[in-house]
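Subject: Structure for you to look at

Hello,

Here is the structure I said I would pass on. My notes on it follow below.

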Amino acid sequence: MPSPIKYIDLFAGLGGIRLGFTQAASELGLESECVFTSEIKPHALTAYNTNFPNENVEAVDITQKAALDIPKFKFLLGGFPCQAFSAAGAGKGLADSRGTLFFEIERILTAHLKNVDGFILENVEGLINHDKDKNDKDAKIGRTLTIILDILRTKLKFNTEYYLLDSLDFGIPQSRKRVYIVGCKKRFGKPKFNFAPLPAATVSDIQETGIEGLSSDFAQRLVKLFGTEELKGKCLKDKRGGDANIHSWDIEIKGKVSTAQKDLLNLLLKERRKKLWAEVIGIDWMDGMPLTEQQIATFYQHPNLHEMLEDLVAKKYLVFEHPKKRITVTTDDGHSYTQRIPDESKPKGYNIVTGKLSFEFSKILHPEGYAPTIVAMDMETLGVIDGENLRHLSLREGLRLFGYPESYSLEDFNSPGKIKLGYDLLGNTVCVPVIKAVSKELLKRIYKL
């Protein structure tokens, strides 16, 4: 009988990548064995050791681990930290210390190059265009991914491809687009894969029922104002307009708002995004700019406009701020990234406060729809309608939204004091069925199955 396929699991989190890999191997009649795991987050290690009890994994800082102290392996699996490339992060890429963790992967692959057959790496969609040369109209990818691919293809001599895949196409009711970088030794050929979409799933397929609803004032207020049927699929945020959104002023969560002020806020919400205002202000367009009272008066006339605006600032529906200019920051090692800073040469204007709201909910999932991309900061504010009640997403429902098997447990975090840690782990994990599909194609190519 052939020896088990040995692999290492880097930046392991909940172990979702290894689960997908082992599921794929098992379906192909192959045995597999994890010979090394790296993870430093304490609550991730708690979950990992609960679900893989025979391994007793301890905290491993991969930057401090000598590459040759890692046992020999055939495959490297790694969802290397993504905040550096994510739209939700600062977008610094390889200029960020988390971004440089890719070079730990390079270091380990280099040390074990003769023995390694392939690898699977996972990251956010933003990696594709990160640090793209805006003057090069023919550039298909950014400089960050170009560097990564060049290292894997040219320096380490792996046949390497990348795929942008959406978990929605793999039977999961969550739209989670992620980049999968797949490589194998050149003797195995190029890892060219085609993935046929699986039947679509909905939130109702993963939802538990009969769980007690929330009795908080906010939850009860939402149900009373809108009813459970109307709440299905609603977002609670002040960044966008439209019927799908409930705004802070709709529920007067920050204080009483007159009908005229609501009209003003709804109009300003849309106007502040128009590109013509960037030209008037003299800045690069951004998705939401502060407008002066004089500019607002061109599309909303009211005798008490100034008093209305000041009242909305006092109640924190609006902020009075300078517009922002885009600057490019170049680090000592030559990497660059852009950021926005206040342009104090421009007059202050009124802008919608669009930061993460201190609501108990950011979105109520529709049972016949699917979840948006789930990130750690939003996980604890997703809601579901359970009968006539409104409640938060359960950890079991969260696991199902990432395709984890029913045997996987997060019971260590299923209490009021620890559930946020469970949400954090889920928001940073991978979709197991996608990993399984990618792994299966790679293993079939290498083992000619």
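Please keep in mind that the model is predicted. Gln-174 sits in the loop that links β5 and β6, and with a relative accessible area of 0% this residue is buried. Its side chain has a polar contact of 3.0 Å with the side chain of Arg-176. A polar atom of the Gln-174 side chain also lies 3.0 Å from the backbone nitrogen of Ile-374.

Next, the sheet. Six strands make up an open, mixed sheet, in the order β2-β1-β3-β4-β6-β5. The edge positions belong to β2 (32–37) and β5 (158–166); each has a single partner strand, so one side of each has no neighbour in the sheet. From one strand to the next the twist averages 20°. Strand β1 (residues 5–10) runs parallel to β2 and is joined to it by 5 bridges, with Lys-6 opposite Glu-33 in β2.

Two helices that pack on the sheet are worth a look. Helix α4 (residues 143–155) touches β4, β5 and β6, and its direction makes about 140° with that of β5. Helix α13 (residues 432–446) touches β1, β3, β4, β5 and β6, and its direction makes about 15° with that of β6.

On charged pairs, the structure holds 21 salt bridges. Three of them are as follows.

- Arg-107 and Glu-104 have their closest N and O atoms 2.7 Å apart. They are 3 residues apart in helix α3, about one helical turn. Arg-107 is partly exposed at 28% relative accessibility, whereas Glu-104 is buried at 14%.
- Arg-178 and Glu-122 come to 3.7 Å at their closest N and O atoms. Arg-178 is in strand β6 and Glu-122 in strand β4, so this pair ties together parts 56 residues apart in sequence. Both residues are buried.
- Arg-391 and Asp-386 have a closest N and O separation of 2.9 Å, and both are buried.

Last, the cysteines. The count of disulfides is 0. Cys-34 is buried, at 13% relative accessibility, and Cys-184 is buried as well, at 0%.

Regards

How values were computed. Residues are numbered from 1 along each chain as its sequence is written. This is a predicted model: local features need pLDDT of at least 70, side-chain atom pairs count only at pLDDT 80 or more; totals for chains, interfaces and linings use all residues. Side-chain values use heavy atoms; hydrogens and water are left out. Two strands pair if DSSP finds at least two bridges between them. Helices (H or I, at least four residues) and strands (E, at least two) are DSSP runs, numbered from the N terminus. Axes are lines fitted to C-alpha atoms, for helices over the stretch in contact, and angles run from 0 to 180 degrees between N-to-C directions. Contact means heavy atoms within 4.5 Å. A disulfide is a pair of cysteine sulfur atoms within 2.5 Å. Buried means under 20% relative accessible area, exposed over 50%, partly exposed in between (1.4 Å probe, protein chains only). A polar contact is a pair of N or O atoms within 3.5 Å; within protein, one must be able to donate a hydrogen and the other to accept it, and residues adjacent in sequence count only if both atoms are side-chain atoms. A salt bridge is a side-chain nitrogen of Lys or Arg within 4 Å of a carboxyl oxygen of Asp or Glu.
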